[in-house]
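Good morning, everyone. Please have a look at the model on the screen, and keep it in view while I talk.

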Amino acid sequence: MVRWGHTLWKTLGSSQLAVVLLTTLLVGLLLAGLFPQMPTEPGTRETWLEAVDLRYGPATGLLKQLGLFEAYRSWWFLALLAGLLLNTLICTVQRMPRLWHALSEPPIVQRPEAFYQGLAHQAQWALGSPDQGLAAARDTLVQHRFQPQIEKDDESGCAFLYAERGRWSQAATLVSHIAAILLVLAVAARPALGWQEGNLTLLPGEVHSVGHGSDLEMQAGQRVTGRRPGVPLGVSSGTSAITRTVAINHPLTSRGVTFHLQGYGPAVQITAPEGTFGAALGGSQAQEVSLPEAGLTLRVAHRPEDEALFVEALAASGALLGSGSVAYGQEVEIEGTPITFRLTEYSVWQASRDPTFGLAVASAALLFVAIVISLWVPHRRLWIRVDDRGDAWMVGAGDWAGAFEAMATEIGCTSHLRGESDG
Amino acid sequence: MVIVAGACFLLAALAHALGWRVGTWLAAAGAAILTGALAARGLLAGHWPLTSEYEFALAFALGTALAASVFATKASWRIPVLQAITMLIAALLVAYARFALPIAKQAIRPLPPALDSVWLPLHVGTAALAYGALALAGGAGLAWLLPERVSGEAGESRQVETGWLLDRAIAAGFPLLTLSMIFGMIWAQVAWGRYWGWDLKEVWTLITWLVYALYWHVRRRPRWQGRRLAWLALIGLASVLFTFLGVGWLARTVGLESLHLF
């Protein structure tokens, strides 16, 4: 039972499993990338599903069951991510003691003769003067940013040199794993800790309560033109208020809530005795505005050909009372109610709060640094043993990637090299 | 100027294939001319020349030529067959930009508000450099796999050197790709209020990143040395090319949407 548990523990943290999971995730992403993904905004799903039904016909049901229209929220995708996360976590835990030992323990300089037979990188040569030879080797290694140590065993008459570089780069893989775990956790926690509300259409002067537990209110102004067109946005909370022109790519952040300008377009402002109403005129379809006190419903649409507004007036029963073009700024009387139509502009906003962003960027930056270190700062170790006759053996361990032979030659080795091809 | 730069790359590829040293100079000349062409375009447009498929194809070609030039600074790193393949990739990218894209797509356009950001040169510029280094790695993969009679060079020592270059090219390209993605996530947060949205381009960039993450995991494993790593570098290059060229096609063919299609 213990052995079985040990094997499972080893397998769950193995890099072989990581390779399998990464490959499977790649295949999953390739598959998911072939299908349109269901929008997350409520109210748009039905229309979207109808369009998908038309496109995929009888296969729609099967594709839906396989979760391919919600691939990144599907059970198989989340299971894959969870598996990869678990594998990375266990691998990190498994490596931690060994890494701690490698980083904290002082190196063993004096190694027995048998040790020099066991390593992949080996070199052998004869030194005329052992002391001078080792000192020259030490100087060469220092030039290559190694940290050499020399010890002498008086009993056997042997001299030893140990040199190491890139000791801390051993931690890079571990740091990259921790960074990757934090990054995935940040992305996973985003829907729970943050929120996003888009398509907030505001007319100039209109006030909107942000909600989501916040007492912020937002009020958009008239669009300003210039090098960077934008819309002034006022955000207030109690007695404090902030106003700034917000443009695409230049949002406004107040009390952790970020306001993005998503777009703008023509709108009509309708002024009646009972109040002011507005409607966006972006599309070709007429927009409906209700005037409850007057018992009227107005259908309005912009007519670009004569820069006028086409208005249909309907009674509360739905009966058409009349229709016609109205010039902007003109006051008309409908069923005894004076109404003025003014052309203005609406702006569309998105309000969002994302407390995970800082963690995501920090962990991604940490991942980047760890990748650079692991790829560019190799951990290399080297031992030299010189016996009392002046015969020297040199062995290397770590990430030499073809550099051992050049190093041995530079130190003065003239014969018996092996183990270069295995990196 | 762009056609001249492309011709230089093509001639450099030919020269390298024939073992002529003039190939290195032709490649450098092509890179210098292309840099000048992109700089002039940027000055004329009044913004970084990294805003359209045409401009990115040229920046990608420049990144590839630069990567090849950097790795050709040392004599032992000059592997003619690899340099020929890499310069051919750069020439094909220029040819794609100049001859495959419609004229309307090649014209200088005013900067759309969505691209008016300090993150544009950081995100797209590092992506072009990353793609260049990864194209060199893919070229090294292909050079490794080529039989001796095609490459015309001795087998084992060429493969050791090509394998080493492949590894160093990915060691340059993979962190640059990661950096480009980090810049991209910050820009996405600023522009759209979300740093990751499973957009088609984002997904394909993640696929590319995962291919190189896989390489990172297996690069020192004895079983993976040689042929398998060469294939992985080639798959990585295919993924890079699809992320750049194929995502738009996929979106049109399958009817998908992406915020990254300009």
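I will go through the interface, then the salt bridges, then a surface patch and a loop.

Some ground rules. This is a predicted model, where local features need pLDDT of at least 70 and side-chain atom pairs count only at pLDDT 80 or more, while totals for chains, interfaces and linings use all residues. Residues are numbered from 1 along each chain as its sequence is written, chains are lettered from A and ligands numbered from 1 in the order in which they are written, and side-chain values use heavy atoms, with hydrogens and water left out.

Start with the interface. How many residues of chain B are in contact with chain A? There are 46, and they touch 51 residues of chain A. Contact here means heavy atoms within 4.5 Å. The two chains bury about 4,100 Å² between them, 68% of it on carbon and sulfur atoms. Buried area is the accessible area (1.4 Å probe) that two parts lose on being put together, summed over both. On the chain B side, B:Tyr195, B:Trp198 and B:Trp216 lose the most area to chain A. Together they make up 16% of what that side buries.

Now the polar side. Chain B and chain A share 15 residue pairs in polar contact, both at pLDDT 80 or more. A polar contact is a pair of N or O atoms within 3.5 Å; within protein, one must be able to donate a hydrogen and the other to accept it, and residues adjacent in sequence count only if both atoms are side-chain atoms. Which element gives the largest share of the chain B side? That is α8(B), with 16 residues. Helices (H or I, at least four residues) and strands (E, at least two) are DSSP runs, numbered from the N terminus.

Next, salt bridges. Side chains of opposite charge can pair when their charged atoms come close. The cut-off is a side-chain nitrogen of Lys or Arg within 4 Å of a carboxyl oxygen of Asp or Glu. Between chain B and chain A the count is 1. There, B:Arg220 meets A:Asp399 at 2.8 Å, N to O.

Inside chain A, A:Arg299 pairs with A:Glu288 at 3.0 Å, N to O. A:Arg299 sits in strand β13 and A:Glu288 in strand β12, so the pair ties together parts 11 residues apart in sequence. Are these two buried or exposed? A:Arg299 is partly exposed at 31%, and A:Glu288 is exposed at 53%. Buried means under 20% relative accessible area, exposed over 50%, partly exposed in between (1.4 Å probe, protein chains only).

In chain B, B:Asp167 and B:Arg168 form a salt bridge, with the closest N and O atoms 2.8 Å apart. Both B:Asp167 and B:Arg168 are buried. Back in chain A, bridges that share partners join A:Glu288, A:Arg299 and A:Glu312 into one network.

Now the surface. A:Ile178, A:Leu182, A:Leu185 and A:Leu359 make a nonpolar patch of about 290 Å². Patches are made of residues with over 30% relative accessible area and no salt bridge: like charges are joined within 9 Å, nonpolar side chains (Val, Leu, Ile, Met, Phe, Trp, Tyr) within 5 Å. Accessible areas come from the Shrake-Rupley method with a 1.4 Å probe; for residues, only the protein chains shown count as cover. Helix α8 of chain A gives the most, with 3 residues. A:Leu359 lies in helix α9 of chain A.

Last, the loop. A:Pro304 is between β13 and β14 of chain A, and it is exposed at 52%.
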